[in-house]
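Biologist: Before I use the labels on this model, I would like to hear what stands behind them. Please take them in turn.

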Amino acid sequence: MTEENKEEIFAKNLKAIRTFNKLSQKQVADKLCVPVSTYANWEQSRRMPSINEIYKLLKVFEIDANELFDIN
């Protein structure tokens, strides 16, 4: 069994938080002013958002970085 890397943990948490909030990828992408394809790439761990985009995600979901990055 392999350990998940940081990008995979981020992607899994991002999707879980979005679905918990009952939002579509398009709705979140629109709130962040990014293309849906960009947002989808974050959830599929194909690409990581910039620090600025991460900050916007925290604001949109009203969470702190611990929840998004699974920091204990």
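Biologist: Why are H1 and H3 called oblique to each other?

Modeller: This is a predicted model, in which local features need pLDDT of at least 70 and side-chain atom pairs count only at pLDDT 80 or more, while totals for chains, interfaces and linings use all residues. Residues are numbered from 1 along each chain as its sequence is written, and side-chain values use heavy atoms, without hydrogens and water. The axes of helix H1 (residues 6–20) and helix H3 (residues 36–43) cross at roughly 120°. Angles under 35 degrees count as roughly parallel, over 145 as roughly antiparallel, 65 to 115 as roughly perpendicular and the rest as oblique. H1 and H3 are therefore oblique.

Biologist: Which residues make the contact between H1 and H3?

Modeller: Phe 10, Ala 11, Leu 14, Lys 15 and Arg 18 of H1 meet Tyr 39, Trp 42 and Glu 43 of H3, contact being heavy atoms within 4.5 Å.

Biologist: What makes Arg 47 partly exposed?

Modeller: Its relative accessibility is 38%. Buried means under 20% relative accessible area, exposed over 50%, and partly exposed in between (1.4 Å probe, protein chains only). Arg 47 therefore counts as partly exposed. Arg 47 is found in the loop between H3 and H4 and, leaving aside neighbours within four places in sequence, is in contact with Thr 38, Asn 41, Trp 42 and Glu 53.

Biologist: Which residues have the most contacts inside the largest nonpolar core?

Modeller: Leu 14, Tyr 39, Trp 42, Leu 57, Phe 61 and Leu 68, in a core of 16 residues. H4 gives the largest share, four residues.

Conventions:
Axes fitted to C-alpha atoms, helices over the stretch in contact; angles between N-to-C directions. Helix = DSSP H or I, 4+ residues; strand = E, 2+ residues; numbered from the N terminus. Core = buried A, V, L, I, M, F, W, Y, C linked by side-chain atoms within 4.5 Å.
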